[in-house]
Amino acid sequence: MQKILREFITNSGAQTYARGVTIGTQLLLIPIMISTWGLEVYGGWLAIDSLRTIFSLADLGLAQIAANEMTLQTAAKNTERAQIINASTWAMLIAVGFALLAIGAFASFLPIADILNISRFSDQVPLAFFLLSMVAAGSILFGAVGAGLRANGLYWLMVVTNASYQLGVALSLGIWGLNGGGYLAVATTIVAIQLALFSTAAIILWVRHPWTRPNFSLVSVTQIRSMLAPSFSYMLYTFTNLVTIQGVNILVSSQLGPDKVTVISAIRTLTRIGRMFAAIFIYALEPIFARLSGERDLDTGARIYRLMVWSGVVGSVLYWVCMVTLGPDFLAWWTHEAVTGWNTLHYLMTTAIAVEIVWFTLQTPYVSTNRHSLLAAWVAVSGIASTVATGLLLGTFGLLAAGTTLVAMHICILAATVWVMRRHPPFF
């Protein structure tokens, strides 16, 4: 139990740093970018970056599945099997990365600026978009490194590296924004930051655990095939986040204008703080659940899970009360009165996140042991339906359509989660 506690404290510390970076940079960055670039230009960047984020879907969730499987196999002392998984993952992700670069090069010739209603810096959009495609490819490759880090008890290093990259992105935006830079300058800086951080983490892993280096002689087509089904299921979670966040950003930009993207992004950033805090503990427990499953220590896992669920429900209620009572005034102060008069949207998005925290907590043991296929389809269908409804209703109801459909989506996912759990109890 002491080993589990140490691992939890280490993972939680890394997650606290990561969520602190996410929350801190966003709370500071948005008012800076609004005052330097303005609502329209910053909204344009968010829309372009949303396209880059959608590209990250190309890894098909393979990195997460590999991380779970390698952790299970190393816990069971089956290093040979873990090596095969590692090699196969590298082969697959390298192929995906090169394909993504080709798609990004082609897409950069499309009239992206016109589609997203971007006027200022429009001439920089094509090359900036291609550079962001390179960033997406780099993130996909780092997924293989992250799987190795997690399997060898270095989950904290993976989290810290990703968080430091996010910090670098925020700093590049803020610095270039304050000094009159445009989209191209920011994108170039992000590429350099990512290369430095991800390469450092990879070198540390390969020096300490040489078996995690790419070894294409161990690639197994059978292994890749066995991972595709669960990876596709996990991809549906990523896909749902993309269509309900980045997808909505694109819809809002094309129908209501880039300035409204900044409005909904500011409210989303503030209301998702509760979800980010919940993620500190949930993500810290995922590798522990995977290892306990590999060791078949089910009693310990069950006790941890019960405590986790009760904490998630209580935390969700407390978050909702605080955000509803204090959130609107803070939003106005935080954005220098640039985002005001959107209280109803704020309440809707707060309610949606409170519900999300509950189902996010309930699903943790399924996701950490690659049993998320029981739930992934429900999540994806709800997300697609929500985004389609948002696109249809934006013209009539404006941004309130996005808030209403988001609440409906998370209620549907929670109901589906409870229904599935009654028929397929958590693995404990």
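This is a predicted model: local features need pLDDT of at least 70, side-chain atom pairs count only at pLDDT 80 or more; totals for chains, interfaces and linings use all residues.

Me: At what angle do helix H6 and helix H8 pack?

Reply: Helices here are DSSP runs (H or I, at least four residues), numbered from the N terminus. An axis is a line fitted to C-alpha atoms over the stretch in contact, and angles run from 0 to 180 degrees between N-to-C directions. H6 (residues 125-151) and H8 (residues 183-208) pack at about 15°, with axes 9 Å apart. Angles under 35 degrees count as roughly parallel, over 145 as roughly antiparallel, 65 to 115 as roughly perpendicular and the rest as oblique. H6 and H8 are therefore roughly parallel to each other.

Me: Which hand does the crossing of H6 and H8 have, left or right?

Reply: A crossing is left-handed if the near helix is turned anticlockwise from the far one by less than a right angle, and right-handed if clockwise. H6 passes H8 in a left-handed crossing. The residues of that contact divide into 19 nonpolar, 5 polar and no charged. In this scheme Ala, Val, Leu, Ile, Met, Phe, Trp, Tyr, Cys and Pro count as nonpolar, Asp, Glu, Lys and Arg as charged, and the others, Gly among them, as polar.

Me: And how do H3 and H6 pack?

Reply: H3 (residues 62-75) packs on H6 at about 25°, with the axes 8 Å apart. That makes H3 roughly parallel to H6. The crossing of H3 and H6 is right-handed. Contact means heavy atoms within 4.5 Å, and the residues making this one include Ala-63, Ala-67 and Met-70 of H3 and Gly-143, Ala-147 and Arg-150 of H6. The contact of H3 with H6 divides into 6 nonpolar, 6 polar and 1 charged.

Me: What span should H8 have?

Reply: The expected span is 1.5 Å times one less than the number of residues. The 26 residues of H8 should span 38 Å, and its end C-alpha atoms are 38 Å apart, which agrees. H7 (residues 155-178) has 24 residues and reaches 35 Å, close to the 34 Å expected.

Me: Which residues of H8 are buried?

Reply: Buried means under 20% relative accessible area, exposed over 50%, partly exposed in between (1.4 Å probe, protein chains only). An α-helix has 3.6 residues a turn, so residues three or four places apart point the same way. Among the buried residues of H8 are Tyr-183, Val-186, Ala-187, Ile-190, Val-191 and Gln-194. In H9 (residues 221-256) you find Ile-224, which counts as buried at 16% relative accessibility. Ile-224 touches Ser-88, Met-92 and Val-219, not counting residues up to four places away in sequence.

Me: Where is His-336 found, and what is its phi?

Reply: Most residues other than glycine have a negative phi. His-336 is found in the loop between H12 (298-334) and H13 (343-362), and has a positive phi of about 55° although it is not a glycine. In that loop too is Glu-337, with a positive phi near 65°. His-336 counts as exposed at 56% relative accessibility, and Glu-337 counts as exposed at 53%.

Terms used
Residues are numbered from 1 along each chain as its sequence is written. Side-chain values use heavy atoms; hydrogens and water are left out. Helices (H or I, at least four residues) and strands (E, at least two) are DSSP runs, numbered from the N terminus.
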